[in-house]
Amino acid sequence: MVHEYFKRNFNGFKVLVQVNPANFSGMELTINNNGTVEKRKMRFDEEIFEDLEEDGFEPASPLEFNLYLKGLAKY
């Protein structure tokens with residue numbers, strides 16, 4: 001299974017999204033400027049890739065996502 005990763009910076013926080021294209025499950029990380037990370041398991045629909053592009057998300061690396069997930073990166 002190969003996940004796809006996306007990111008977007010907002011005012012004061014960053015959002016990283018992991019999507020499993022086989023079953024549209026995944027995870028969303030919200031990293032606040034104070035360093036806290038909020039994790040949410042997600043279920044997406046078939047239009048998730050179009051939605052992410054429309055919302056201004058860009059491709060991200062698995063390494064970046066996993067560093068934030070494990071608490072090893074700082075915003």
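Tutor: Begin with E64 and K14, whose side chains meet in a salt bridge at 3.2 Å, N to O. E64 lies in helix α2 and K14 in strand β2, so the pair ties together parts that are 50 residues apart in sequence. Keep in mind that this is a predicted model.

Student: Are E64 and K14 buried or exposed?

Tutor: Both E64 and K14 are buried.

Student: Why can side chains pair up like that?

Tutor: Side chains of opposite charge can pair when their charged atoms come close.

Student: What else forms a salt bridge with E64?

Tutor: K7 does, with the closest N and O atoms 3.2 Å apart. K7 is in strand β1 (residues 4-10) and E64 in helix α2 (residues 62-69), so this pair links parts 57 residues apart in sequence. K7 counts as partly exposed because its relative accessibility is 22%.

Student: How many salt bridges are there in the whole structure?

Tutor: A search finds four. One of them joins R40 to E28, with the closest N and O atoms 2.4 Å apart. R40 sits in strand β4 (residues 37-43) and E28 in strand β3 (residues 25-32), so the parts tied together are twelve residues apart in sequence.

Student: Which residues are joined into one network?

Tutor: K7, K14 and E64, through salt bridges that share partners.

Student: New topic. Which residues form the negative surface patch?

Tutor: D45, E46, E47, E50, D51, E53, E54 and D55.

Student: Where is D55?

Tutor: D55 is in the loop between α1 (48-54) and β5 (58-59). Its relative accessible area is 41%, so D55 is partly exposed.

Technical notes. Residues are numbered from 1 along each chain as its sequence is written. This is a predicted model: local features need pLDDT of at least 70, side-chain atom pairs count only at pLDDT 80 or more; totals for chains, interfaces and linings use all residues. Side-chain values use heavy atoms; hydrogens and water are left out. Patches are made of residues with over 30% relative accessible area and no salt bridge: like charges are joined within 9 Å, nonpolar side chains (Val, Leu, Ile, Met, Phe, Trp, Tyr) within 5 Å. Accessible areas come from the Shrake-Rupley method with a 1.4 Å probe; for residues, only the protein chains shown count as cover. Lys and Arg count as positive and Asp and Glu as negative; His and the chain ends are not counted. The place of a charge is taken as NZ of Lys, CZ of Arg, CG of Asp or CD of Glu. Helices (H or I, at least four residues) and strands (E, at least two) are DSSP runs, numbered from the N terminus. Buried means under 20% relative accessible area, exposed over 50%, partly exposed in between (1.4 Å probe, protein chains only).
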